[in-house]
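Me: I would like to go through a protein structure together. Could you take my questions one at a time?
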Amino acid sequence: MANPWFETVAIAQERAKKRVPKSVYGALIAGAEAGVTASDNVSAFDCIGFRPVTAGQGAERQMDVTIMGQSASMPVMISPTGVQAVHPDGEVAVGRAAANRGIPMGLSSFGSKPIEQVTEVNSQIMFQLYWAGDRDSMLARMERARAAGAVGLILTLDWSFSHGRDWGSPHIPQSFKPREILPHAPEVLARPGYCWSWIKSRQIPRLRVPNFVTGDDAPPLFFEAYGTWMGTPPPSWDDVAWLRSQWDGPFMVKGVVRVDEARRAVDAGADAISVSNHGGNNVDSAPAPIRVLPEIADAVGNDIRVLMDGGIRRGSDVVKALALGADAVLIGRAYLWGLAANGQAGVENVLDILRGGIDATMRGIGVDKVTDLSPDDVIVPDGFSPPPLR
Ligand SMILES: Cc1cc2nc3c(=O)[nH]c(=O)nc-3n(C[C@H](O)[C@H](O)[C@H](O)COP(=O)(O)O)c2cc1C
């Protein structure tokens, strides 16, 4: 490809689609059931308008914020994702890109690179845990993250193991045995750039989850770890409070979409929540986070930092989320597409697109500081948010 730079996240998505094998791309698209929520996450942003000004704006915009104690050059953070097989450098490339652009990164416990390799390139890593396995194994994962230099903990709770998508789930090999791998040969060979990147790196996609274990234990295969998680009963809010008490740094609960649960997260001692539905991968027909954000920010915004994620594809989406009460946003697919399209440079490209978009939007609406954004800066149609929870 002559020029790997792209000008929008939509173009990064197109490039990713052309570059990675069909099943890898399918895993990035993800979504649950009919994909109602996954698509509403994105389209809900289109319903919100702005009130542009014509003159009188400041000469510069100030975008830096603090996210869970970490300085961020813009109100954006990398959301944790299992980026298995997307790119040979995986989370290390994402970590470098985030460090170069001055933003913190969430690292998934289902990620493909050991946390020590990621904290080596980025000092602002927040480790993400699922409620998976017994308490001792969760504590051991947490301790490993602490020893590796993680500066925050993210507990993701919104996953209900729904399976089945109307467009078909990609087949993911359960192991690297020839009978599992060979059926993938045609789709992989049809993507020579992708093959070449793995050949050059002298690696193969291992589909193992190195951050799920500690000490000398061999990392389990993705599906083995997934089985452990699936077999673990969901936590109570007391369990959440217990985990929080075991971590002495900033702690986020990710996946809250209800006011009553946002209050429970405050009571459990969390420092932050992310209003999120796991990128439309949890219960389908859950509302887009941007729709429930205003009510949640109103209720707990003074007690806890309120982040949101789901559907962020442009800088203007970030501005809309901040206007409606978010302190910052997390991004998932946007950076995964950048990574798939062009590795570390692709992730940096996506972050630059968001920064440019935030800047242009704020200039357009005449707001100089991201922390000054308010609901007055956006036009929200009637019926945009679900009726308040009674
Ligand atoms: C392919 C994929 C893998 C994900 N893996 C994780 C994960 O391991 N841990 C987690 O907390 N969230 C995970 N998520 C959810 C993201 O962190 C984030 O909530 C979501 O992607 C935000 O929506 P967006 O993709 O529209 O930005 C994943 C999402 C996708 C698309």
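Reply: The answers below go from the whole chain to single residues, and the model is a predicted one.

Me: How many helices and strands does the protein chain have?
Reply: The protein chain contains 15 helices and 12 strands. Its radius of gyration is 20 Å, close to the 21 Å that the globule rule gives for 390 residues, so the chain is as compact as a globular protein of that length.

Me: What box do the C-alpha atoms fill?
Reply: Along the principal axes, the C-alpha atoms fill a box of roughly 65 × 55 × 40 Å. Of the 390 residues, 47% count as buried.

Me: And which share of the contacts joins residues at least 24 apart?
Reply: That share is 72%, taken among contacts between residues at least 6 apart in sequence.

Me: What is Leu153 in contact with?
Reply: Leaving aside neighbours within four places in sequence, Leu153 is in contact with Met126, Phe127, Leu129, Met142, Trp247, Gly249 and Phe251.

Me: Now strand β9. Are the residues on its faces buried or exposed?
Reply: They are buried on both faces of strand β9, which spans residues 272-275. Ala272 and Ser274 are on one side, while Ile273 and Val275 are on the other. Ile273 is also among the residues with the most contacts inside the largest nonpolar core.

Me: In which sense do β8 and β9 pair?
Reply: Strand β8, residues 251-256, pairs with β9 in the parallel sense, over 4 bridges. Lys254 stands opposite Ser274 of β9.

Me: Changing topic: which residues come nearest to the ligand?
Reply: There are 25 residues around the ligand, and Ser79, Ser108, Thr156, Gly279 and Gly332 come nearest. By class, this shell has 8 nonpolar, 14 polar and 3 charged residues. Helices α2 (22-29) and α15 each supply at least two residues of the shell.

Me: What does Ala30 touch?
Reply: Not counting residues up to four places away in sequence, Ala30 touches Gly279 and Asn281. Ala30 and Asn281 are 251 residues apart in sequence, yet their C-alpha atoms are 6.7 Å apart in space. Ala30 is found in the loop between α2 and α3.

Me: Why does Ala30 count as partly exposed?
Reply: Ala30 has 19 other C-beta atoms within 10 Å, whereas a buried residue needs 20 or more and an exposed one has 12 or fewer.

Me: Last topic, the backbone. What is the phi of Arg202?
Reply: Arg202 has a positive phi of about 55 degrees, although it is not a glycine. Most residues other than glycine have a negative phi. His278 also has a positive phi, near 65 degrees.

Me: Where are Arg202 and His278 found?
Reply: Arg202 is in the loop between α9 (192-201) and α10 (222-230). His278 is in the loop between β9 and α13 (289-300).

Me: Is Arg202 buried or exposed, and what about His278?
Reply: Arg202 is exposed, because 7 other C-beta atoms lie within 10 Å. His278 counts as buried, because it has 26 C-beta neighbours inside 10 Å.

Notes:
Residues are numbered from 1 along each chain as its sequence is written. This is a predicted model: local features need pLDDT of at least 70, side-chain atom pairs count only at pLDDT 80 or more; totals for chains, interfaces and linings use all residues. A nonpolar core is a set of buried Ala, Val, Leu, Ile, Met, Phe, Trp, Tyr and Cys residues joined through C-beta atoms within 7 Å. Two residues are in contact if their C-beta atoms, placed from the backbone, lie within 7 Å. A residue is near a molecule or strand if its C-beta atom, placed from the backbone, lies within 6 Å of it. Ala, Val, Leu, Ile, Met, Phe, Trp, Tyr, Cys and Pro count as nonpolar, Asp, Glu, Lys and Arg as charged, and the others, Gly among them, as polar. The radius of gyration is taken over C-alpha atoms; the globule rule is 2.2 Å times the number of residues to the power 0.38. Two strands pair if DSSP finds at least two bridges between them.
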